[in-house]
Amino acid sequence: MSHKFIPHTEADIRRMLDKIGVESIDDLYRDVPAEVIFRGEYDIPSAMTEIELRRHFEELAAKNKNLTVFAGGGAYDHYSPSVVAHLLQRSEFYTAYTPYQPEISQGTLQYIFEYQSMISELTGMEATNASMYDGATATAEAMFMMVASTKKRNRVVLSETLSEAVINVVRTYAHYHGINLTVVPAKEGVSDQEAILKEMEAGDVAGVIVSCPNRYGIIEDFTGFADKIHALKGFLTINADPSALAVLRTPAEWGADIAVGDGQTLGMPLQFGGPYLGYISCSKTMLRKMPGRVVGATKDIDGKRGFVLTLQAREQHIRREKATSNICSNQSLMALYATIYLALMGKQGMKEVNRLSCDGAHYLCNALVATGKFQPAFPGKPFLKEFTLRTDLDMAKVNEKLLEKGFMGPLVLGDGLVEFAVTEKRTREEIDKLVEIISKEA
Amino acid sequence: MSKILDDIRYADSHEWVKLEGDIATVGITDYAQHALGDIVYVDMPEVGDEVTKGEEFGAVESVKAASDLISPISGEVVEINEALEDEPGLVNQDAFGNWIMKVKVSDASEIEGLLDAAAYAKICEE
Amino acid sequence: MKYYDKLIFELSRPGRKGYELPADNYGHDSMAELPADLLRKEDLNLPEVTELDVVRHYTNLSNKNFGVDTGFYPLGSCTMKYNPKINEEVAAMPGFASLHPLQNPDTVQGALELYYNLQHALSSLSGLAEFTLNPYAGAHGELTGLMVMRRYHESRGDSKRTKVIVPDSAHGTNPASAMVAGLEVVEVKSRPNGSIDIEDLKPLLDDTIAGIMMTNPNTLGMFETEILDIAKLVHEAGGLLYYDGANFNPLLGRVRPGDMGFDIMHINLHKTFSTPHGGGGPGSGPVGVAEHLREFLPNPRVRKTDDGRFYVDFGKESLGSVSTFFGNFGVMMRAYAYILSLGKEGIRNVGPMATLNANYIKENLKDDYLLPIEGVCKHEFVFDGLKDKSTGVTTLNVAKRLLDYGFHAPTIYFPLLFHESMMIEPTETESIETLDEFIDVLHKVAKEARENPEAVKDAPLTTAVRHLDETGAAKKPILTYKALQAEA
């Protein structure tokens with residue numbers, strides 16, 4: 001019976017049953033109807049030792065292919081400093097639960113406070129919560145916040161320039177929650193601001209969601225947009241890549257009320273889609289409508305600085321069906337990831353990451369256009385690390401060829417559009433090689 | 001023992017209301033502030049909002065509890081107690097002195113359905 | 001150790017750095033050509049620190065934390081079992097860590113196979129037909145499960161079913177998830193032992209009910225003995241049964257929710273399947289459904305062809321998407337490793353040993369602590385504070401005193417059915433020696449409460465910080481370093 005994860009010896013079990021006053025383990029389940037006790041065999045393998053387990057995982061890993069990634073679409077192959085993974089393996093961090101007992105959870109509480117501070121720096125907003133599941137669900141929560149902040153308005157307008165994955169999640173949340181969602185088609189690759197404002201004239205729109213950079217990689221210009229939305233008594237949410245905010249105009253500078261996005265770009269391993277984190281920042285006036293955990297600074301009875309979970313009265317364990325959200329945790333360890341990453345990179349490193357990605361992306365873009373087989377899909381529109389081209393090539397075939405050579409080629413968006421991404425991890429040699437393979441196919 | 005004033009009316013959800021002309025001043029009772037503990041936030045309506053008797057118009061929060069505010073009377077909010085935005089703890093200091101909203105009532109007779117001090121005191125004892 | 005009290009920002013010195021990046025050899029500063037209007041104006045106040053500064057800082061912070069690896073963590077409803085180290089090792093394998101979620105499925109067959117195998121294992125362990133692993137956490141699983149419920153009724157054109165029944169003893173997440181899913185909550189009363197009052201339930205079951213959310217064993221750790229009758233009644237009324245998997249651990253290896261009549265459930269991989277809680281996440285909240293609900297599961301799904309290839313499927317009848325990609329894949333890897341480590345035989349001991357441990361603590365402490373419900377519990381149970389209430393020592397005081405003795409506190413003041421709730425869940429990974437130490441300490445605290453109650457009320461005395469001013473923090477929220485500086 002004894003297993004390395006289950007310490008009970010036969011003698012222990014006997015002693016414990018005697019203390020409890022029952023004969024057998026079966027007696028501990030005598031309140032369960034006999035017909036639902038499972039007497040069959042589970043369809044899972046027999047126990048593996050560590051040696052076998054490692055082998056099994058190695059076999060599975062061998063069926064995957066690590067590629068040189070030239071695609072993004074919401075997950076980017078950024079550099080992860082060695083230090084981050086090492087510190088995340090401190091088991092005092094990863095084997096702890098939500099910091100319910102602040103006296104013995106100051107480690108967690110303090111890094112969340114640092115995380116909130118750093119994300120607030122990036123977004124320019126006054127408040128940030130302890131993190132959300134991912135960028136898409138954070139965007140859906142922003143939609144709830146806007147509706148909750150406007151009492152009688154139940155419609156949200158979303159620009160089609162958000163990534164498809166984000167739109168799909170927001171659509172799902174809106175449908176079941178009972179919010180009317182209007183998706184306004186893009187115009188030349190960017191949000192159709194006029195059409196969005198026109199939608200708002202009906203007076204039932206709580207807010208607008210746009211993104212920057214958008215699904216095509218374009219850095220959109222929102223000059224004057226927030227003021228016009230505010231004049232119509234609506235709110236503005238901007239979904240933004242937090243890494244890019246080190247150099248791009250911030251949601252606060254655009255006048256947004258809420259900023260959301262996916263933290264994956266802060267050096268998080270691709271890991272087949274997760275774990276990453278979502279962030280949500282807002283202006284002080286919307287703080288009480290913000291979902292999730294929030295950490296605040298305070299003092300203990302001896303006057304020492306300390307940190308606590310705060311504003312808990314908004315949360316589900318107190319308000320139940322009247323809570324602002326059903327969120328009752330965060331992606332805490334990934335918030336620690338983001339915090340350590342941003343501490344290492346600092347203000348200078350974050351600028352360099354963007355500069356390298358931006359220069360590499362433009363270098364690739366120019367090289368592809370120079371082949372004569374690609375044209376910019378949206379000429380003149382500025383981009384950072386991701387860009388969209390138009391081509392007549394059979395890109396499914398080109399991508400097959402690239403795969404053979406160990407590359408993940410661009411995302412195929414349909415209608416002849418393809419989207420490439422370049423990070424600081426890509427080298428000029430890799431880019432030259434990519435262009436060479438594509439040229440040969442062409 | 002919580003304080004109960006004689007000259008005003010009460011709702012069983014622990015709000016008090018004082019009617020002067022067609023303006024009703026609304027707050028939470030001393031009993032309610034005691035039960036909640038240190039109040040950290042008062043979620044107030046906006047001036048111009050319509051409130052309805054028996055329906056929620058805001059909430060009071062302490063560190064580990066939150067309680068909806070139920071309007072004891074119907075009408076239009078004409079003033080809110082802005083001092084509570086910065087100092088919600090004033091409600092703990094004096095729940096009757098620190099009102100939450102003033103309402104221009106649409107039907108003054110609604111006040112007749114509310115509890116008097118004696119009836120409210122009985123509820124608090126239970 | 002000397003008390004460490006710095007924020008990373010306070011270590012910052014202009015000009016220091018903690019990274020090295022390749023030189024920019026593209027020969028052209030493209031960023032300089034971006035329109036100035038689109039660029040950030042505000043200074044970016046991130047720390048400027050060296051690598052060693054960062055390593056020491058976060059190592060010092062970790063020392064101010066208590067985890068399962070530090071000591072016994074009997075937090076009720078959270079299933080703080082041991083997090084095996086091999087799980088961490090395999091989750092970090094480079095063959096998985098650098099996979100892009102949108103890679104061609106032919107190049108991620110190993111990842112898809114793992115996802116598929118875990119789906120399949122969870123199905124077998126729970127008696128449900130198919131799982132999605134996309135939801136990120138228990139609450140997210142609840143929401144997804146309720147969306148399945150709504151999608152099912154919607155697909156039948158049954159638009160009247162807008163209410164969901166939730167027991168008053170349920171975790172707060174249940175009603176909150178229902179609200180987010182657009183369902184109206186109807187509360188059903190509990191009997192004194194926390195189980196559903198079937199007579200109170202009957203009149204609620206009409207054609208406006210989408211289903212019921214149940215926790216079994218319930219939040220008092222007691223098994224719902226009438227579950228089969230409840231399932232029959234709800235199904236006859238056209239509703240579905242949702243199983244809150246927060247309390248699945250005591251049933252693992254013994255009882256399958258699918259066999260009890262549940263149609264939908266979520267599982268917390270970070271509870272039952274040993275993945276780390278990570279200080280609050282990332283978790284994973286897979287959702288399983290009975291055969292007739294499979295087509296409604298969220299996109300994307302991972303499925304297998306007859307010739308053994310794994311592929312990504314987007315179903316038309318699906319409720320939609322609840323995640324950007326495939327959920328917290330790294331967490332799934334750990335849960336999969338755990339299941340394989342125990343195997344089909346070993347896993348049978350999980351629920352029984354968790355149940356044995358809980359009952360052992362309960363029987364040993366009921367002389368000093370008030371046990372409101374007698375009888376065999378499952379993986380956890382609730383005391384209503386100290387038996388002797390005359391000393392004025394509360395559950396909060398006891399919890400804080402436990403910290404001084406090197407234990408994490410139980411869950412306190414939940415469930416709400418009692419005033420002084422203290423919910424204890426030991427899990428199966430703790431030995432009798434650890435349980436005995438815990439029992440001794442709780443007896444000692446009860447004795448202190450009788451002999452010197454004021455000292456217990458001052459606890460904790462030995463922690464890095466002591467009682468923190470939560471009221472001040474909530475009245476005037478200071479949520480960033482910038483706000484903290486403005487305050488100083």
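Hi everyone. Let me start with one residue: S274(C) counts as buried, with 25 C-beta neighbours inside 10 Å. Buried here means that 20 or more other C-beta atoms lie within 10 Å of the residue's own; 12 or fewer makes a residue exposed, anything in between is partly exposed, and the C-beta atoms are placed from the backbone. S274(C) has a phi near 70 degrees, a positive value in a residue other than glycine. Most residues other than glycine have a negative phi, and most peptide bonds are trans. You will find S274(C) in the loop between helix 9 (269-272) and strand 7 of chain C. When I say helix, I mean a DSSP run of H or I with at least four residues, and a strand is a run of E with at least two, both numbered from the N terminus.

A word on what we are looking at. This is a predicted model, where local features need pLDDT of at least 70, side-chain atom pairs count only at pLDDT 80 or more, and totals for chains, interfaces and linings use all residues. Residues are numbered from 1 along each chain as its sequence is written, while chains are lettered from A and ligands numbered from 1 in the order in which they are written.

Now, which residue of chain A also has a positive phi without being glycine? That is D415(A), with phi near 55 degrees. D415(A) sits in the loop between strand 14 (411-414) and strand 15 (417-421) of chain A. Is D415(A) buried or exposed? D415(A) is exposed, with 7 other C-beta atoms within 10 Å.

L269(C) is buried, with 30 C-beta neighbours inside 10 Å. Leaving aside residues up to four places away in sequence, L269(C) touches T275(C), G283(C), S284(C), P286(C), V331(C), M332(C) and A335(C). Touching, or being in contact, means that the C-beta atoms of two residues, placed from the backbone, lie within 7 Å.

In chain C, helix 5 (residues 138-155) and helix 6 (residues 173-180) have axes that come within 9 Å and cross at roughly 50 degrees. That makes the two helices oblique. Angles under 35 degrees count as roughly parallel, over 145 as roughly antiparallel, 65 to 115 as roughly perpendicular, and the rest as oblique. The axes are lines fitted to C-alpha atoms, for helices over the stretch in contact, with angles running from 0 to 180 degrees between N-to-C directions. Who meets whom? G138(C), A139(C), E142(C), L143(C) and L146(C) of helix 5 meet T173(C), N174(C), S177(C), A178(C) and V180(C) of helix 6. By class, the residues of this contact are five nonpolar, four polar and one charged. Nonpolar covers Ala, Val, Leu, Ile, Met, Phe, Trp, Tyr, Cys and Pro; charged covers Asp, Glu, Lys and Arg; the others, Gly among them, are polar.

Next, two peptide bonds in chain C. A cis bond joins N299(C) and P300(C), with omega about -10 degrees, and P300(C) is in the loop between strand 7 (287-289) and strand 8 (301-304). Another cis bond joins F414(C) and P415(C), with omega about 0 degrees. P415(C) lies in the loop between strand 11 (411-412) and strand 12 (421-424).

Stepping back to whole chains: chain C has 16 helices and twelve strands, and chain A has 14 helices and 15 strands. Buried residues make up 59% of the 488 in chain C and 62% of the 442 in chain A. Along its principal axes, the C-alpha trace of chain C spans about 75 × 70 × 45 Å, and that of chain A fills a box of roughly 80 × 55 × 50 Å.

Finally, how do the two chains meet? The contact takes 170 residues from chain C and 167 from chain A. On the chain C side, helix 10 (residues 329-346) gives the largest share, twelve residues. That side has 89 nonpolar, 54 polar and 27 charged residues.
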